[in-house]
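Please read the points below with the model open beside them. They are meant as a colleague's notes, to be followed on the structure one at a time.

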Amino acid sequence: MTGNATQNYKPRKHYDVVFPIVNTIILVILMFVTLYPVINTVAISLNDGTDALKGGIGLWPRVFSTKSYVSILQDPAVYQAAWISASKTVITTVLNLFWTGMLAYTLTRKEYVLRKFITTVMVLTMYVNAGLIPNYLLITKTLHLQKSYWVYIIPTMFSCFNMIVLRTYIAGLPEALVESARIDGAGDIRIYWQIIFPLCKPVLATVALFVAVGSWNSWFDTHLYNASKANLHSLQYLLKMKLATTNQSANAAQSSVDALANTASSKTTPVTIRCAITVISTVPILVVYPFLQKYFVTGMVLGSVKG
Amino acid sequence: MRKLLSVLLTLCLLGSLLVPFAVAEAQEPITLTVFRGDPGDQPYEDNKIYKKIEEEFGIKFEFEFLAGDLNETLGLKLQDLEDLPDLFDGGNSAEMIIDGGALINLLDYINPEDTPNLWAHIEPQKNRVITKDEITGEDVMYIIPNYGLTDGPQIANSVGGPAFFIQKQVLAWGGYPEIHTLDEYFDLIERFLAENPTNADGTPYVGFDILTEDWRRFCMINPVQHLMGRPNDGEVLIDVNKEDFPTETFINQPYAKPYYKKLNEEFQKGIISPDTFVMSFDQYIAQLSSGIVLGMFDQAWDFGDATNALLTDGKFENTYVALGLIYDEDDVPAEDMPEGWKIEEHYLNGSLPNLDRGFGISVSCKCPERIIAMWERMLDDDWQLLFNWGVEGEDYSIENGRLTMTAEQYANTQDVEWQRHNKARAFFESSPKRQGWILDGDLKGNCWEPGNQDEIVFGLMNDYDKDFLGHYGYSKFADFVNPPIELAPYGEAWQIDKAPIDKDYQDFLNIQDTQLPAVIMASPEEFDAKWDAFVEAINPSCEVYSNFMHEEVLKLVAAYYGE
Amino acid sequence: MTDMTKGSTRYYMPRKKGFFARLASQWQLALMSVPILMYVFLFNYVPMWGWINAFRDYGNRKLVARGITPFNGLDNFKWLFSRPDFYQTIRNTLAMSLINLVLGTFSAILLAVLLNEVRQKTFKRTVQTVTYLPHFLSMVIVVAMAQNIFASTGPVNELLTKLGIMKNPIFWLGEGKYFWGLVGVINVWKEVGWGTIIYISAMTSIDPALYEAASIDGAGRFQKILHVTLPGIKSTFVILLIMNIGHLMEAGFEIQYLLGNGLTADFSRTIDIFVLEYGTSLMDFGVATAAGIFKSVVAIILLVGANFISKRLGEDTLV
């Protein structure tokens, strides 16, 4: 490396001192601004449902109650659904990284004769959409993927956006890496897997995050293809259904019983259920995030390459 | 060879003789796939009602509930008619699956001889329930209405639908007056507000809320027809006293103007806040639940959650009474009235069969006769009691021939989790059912539904309400409005499917959404101009809509009279 | 793509050979890409036959349900373009997506740069984790909060009146002129942290030696940001920009649908809302598909334009 340790000790300019302080203040303010809705959501989720209808809950529950969580978590179907969601998220993420990374690499190879063609074909998929019915018919009538676990995996193995993100990153890596490997007689498959792939950890972590979050949060595929198979329901689908039914019973509650005080015991309401659902479905992502985040550390890659 | 043939023949004969027994006795277990066109909870494995169904009929269910958009979901299901759910409930868009040929004609199975129960169930309303196929001209019935085929005189304990609502404390403060006109209503609210600008906590009261969020725009649009004295026909006013049932949208008529003029005045006085037009449904419920909204036009079921919240807090005085307001004679100039129109208050309508709502049997179902046989048997008293009241001794009891529930048992029936173990909601809600009064047998004079039973409605009523009703000398909250009138031959016009004119209808809605709030908020000088501009903008779509509705109403009337 | 490969590829690119011969020599690259090409062909291009629905009449729902959808030429397109409010929704869509693009990109890069300057690792991670959390809140929750914050009696108005900036509270949610701005602010609030992830991961590829070299040259923090950090994420920025310009016709519908109301409808309705109201929810797939094709065509024109300009300016290109 060309660095000279003594350079670090030269006198600092005044904004070098002020900047970190201002920066810290800005970031702390930003943290509060973005943390507020999150804490508010948690507070509402831990509030009594009927009381929460009145609104005005800030950073702390007004009438504490875990009923929203209990009503969701006591349902054994939630655990089956969580298992479905977790497993499909892992599988989808791994498959995406596998395919997307390889394709991205090939599309950085200038000499590749199909590069332009494939790139165009891929990019267009982001801007053209056939519409719901043709896609539905493809999955059901042509491929017969409905009412099966595979419908979560097979149609979601690739995303062009992520491929572009990866491609941009790989293109930024020094070409010398590929060249020297080629001189050593390595083919593209080996170059990719042995040299490029390991260097892409930060961006692979990013793409993994995007794919995992997308897969974890998806409910539409369950709704379209697996709604009649209770044991294949995904967590998000199940939670969405819970919210919908709470909404509905809120309306149906009132028939001829408006005078009956003692039946109106504290119950879950859409307001609190919605927040509890958000918390329940976000926590797993929060748990996984630090493991991915550690790859986003500046300077790790090239430092290790160039030595 | 001959021997063989004769053996075979004998076997066939024997077989055919055995078939009836086979159906009745050896019920081969089957699982039916069921689609419900609304959201719902999967029942638990140990659900006691479904267990009984399985025991007696050998039938299990695999439920699918609606999660996304209804029309979209149905549209996709229609793509493959060979793979439809056996029991198919199209929710509020059932017309789509009927038109799409997804359902079988139930009349192929239902007739007075084979299915006396089912036939007796639909017979009183058969002119509404049975229609003619537009192409083949044959009698068809695809869906037995899930609600509204009631036995005995109509039960009306309270107003469950549209009305002008007012907080009980406002009436109490005003000395329990009778309120019948817009002027009386707003006058009372104004006087109350002038003397009580805030509640005990210091939160300002809101005089009158107008909810406009999405489809709940009916709170802004629908009042005019009721002020004109008609029950809920949606967005049109129909003169049922004339032979040709003149039908028109009312929102663009001169007689609608006085209502919005009144709202405009109240807006200027600050009784209505501009915030009401940007309010989400959640914010609306929040306001109502806090007990600070004195009045609004709505339907009772729409704010059930808010009522529950108020009851939980013991704020009985902040709960609402439904009032049947009508135009006063001098509200509407005589020349603005439809010809020969007389205003008479009718907020409650006759019992209405929920046409085309409920389960149909799909064309891909392998065993329609078993479903019909099950429904037929289920209309018997024992099954109806089981579905409605539960298991005797466990969920309810019979004392001196009266069906009763303890407060706790009744509270259970409202608990969603309890229902998943103990009720067959997902199946029963969309199936044919008895409602109203039990007309025969030991339990004659009881109600099929616990929520209508006197012991529950009045037995569990809180003291504030009893006292409140006492001041008026009423026994029930429905006494604030006139008793139900006879249902018009066309039913209620909001039931009519607007698909053929859907784009014009969407225009109709959009113009109201964008312009009507501005009309209400206009300055007094601008009001007339803005109203005229609104009427001009909405007239084209109103015309299409009115004409279409008139045709449909006439068709329904003709069908009702069997022409 | 980038020109880093210049001068090196000539050793490996078989010259003056036919296409197939070259492809054959690149069989490894083909093996790594052609299966995905086929996959994309199946899942993204085969269903494109559905575009033919844009030329069919879905107007009569009874007939549609029976599978009868006659061809009607360009009627669906004509209908769309005969609606004055369709143009209004185009305007709203473009305005809101432009505001989102500018605000979103700017705020994400700014935050990424600020984060990059933080030395304290724990603090950095905390800020990052916290700021990206709102991404996971549903729009319903976020809009509900925004409605309370911007209500007539909400904190924003209270602050403005207390500070004496305004005499009377502003009717934020009921006046069309504020709508686009509100959508922009809410989107930034919700997505700023999430948006940084991609830039932060791009910053990881910046050679630390460049920072050291800049220090030697006497560069301060700002110079380093200007001359090392920002150029380091330029390709990512340019590529995302080109991609997003292609997406200008997509302003979504959820936030507008939830935050909008009758009073602001003239500014809140997007193409997607229009298509939902007059196409999808009425089962008119003809109109919906026609609108989809229109959006795709515009998107591709925008994309090609942006790509071309970028190429002219000597920057990265998407294709």
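1. In chain B, five residues of domain 1 are in contact with six residues of domain 2, where contact requires that the C-beta atoms of two residues, placed from the backbone, lie within 7 Å. The domain 1 side of this contact has one nonpolar, two polar and two charged residues; here Ala, Val, Leu, Ile, Met, Phe, Trp, Tyr, Cys and Pro count as nonpolar, Asp, Glu, Lys and Arg as charged, and the others, Gly among them, as polar. Domain 1 is given as 26-152 + 354-450 and domain 2 as 162-346 + 462-560, bounds that come from an automatic or database domain assignment. The centres of the two domains of chain B, taken over C-alpha atoms, are separated by 33 Å.

2. A word on the basis of these notes: this is a predicted model, in which local features need pLDDT of at least 70 and side-chain atom pairs count only at pLDDT 80 or more, while totals for chains, interfaces and linings use all residues. Residues are numbered from 1 along each chain as its sequence is written, and chains are lettered from A and ligands numbered from 1 in the order in which they are written.

3. Chain A has 15 helices and zero strands, these elements being DSSP runs numbered from the N terminus (helices H or I of at least four residues, strands E of at least two). Of its 307 residues, 47% count as buried, a class that asks for 20 or more other C-beta atoms within 10 Å of the residue's own, with exposed meaning 12 or fewer and partly exposed in between, and with C-beta atoms placed from the backbone. Among the contacts in chain A with a separation of 6 or more, 73% join residues 24 or more positions apart.

4. Lys201(A) lies in helix H11 (residues 201-217) of chain A, and it counts as partly exposed because it has 19 C-beta neighbours inside 10 Å.

5. Helix H8 (residues 160-171) of chain A packs with helix H12 (residues 234-246) of chain C at an angle of about 150 degrees, their axes being 10 Å apart. Ile164(A), Thr168(A) and Ala171(A) in H8(A) meet Ser235(C), Thr236(C), Ile239(C) and Met243(C) in H12(C), and the residues of this contact divide into four nonpolar, three polar and no charged.

6. Asp356(B), with phi near 60 degrees, lies in the loop between strand E12 (320-323) and strand E13 (359-361) of chain B, and counts as buried because it has 24 C-beta neighbours inside 10 Å. Met283(C), with a positive phi of about 65 degrees, is placed in the loop between helix H15 (271-278) and helix H16 (285-312) of chain C; Met283(C) is buried, with 22 other C-beta atoms within 10 Å.

7. Helix H13 (residues 304-312) of chain B is mostly covered, since nine of its nine residues are buried. Just after H13(B), Gly314(B) takes a positive phi of about 70 degrees.

Notes
Axes are lines fitted to C-alpha atoms, for helices over the stretch in contact, and angles run from 0 to 180 degrees between N-to-C directions.
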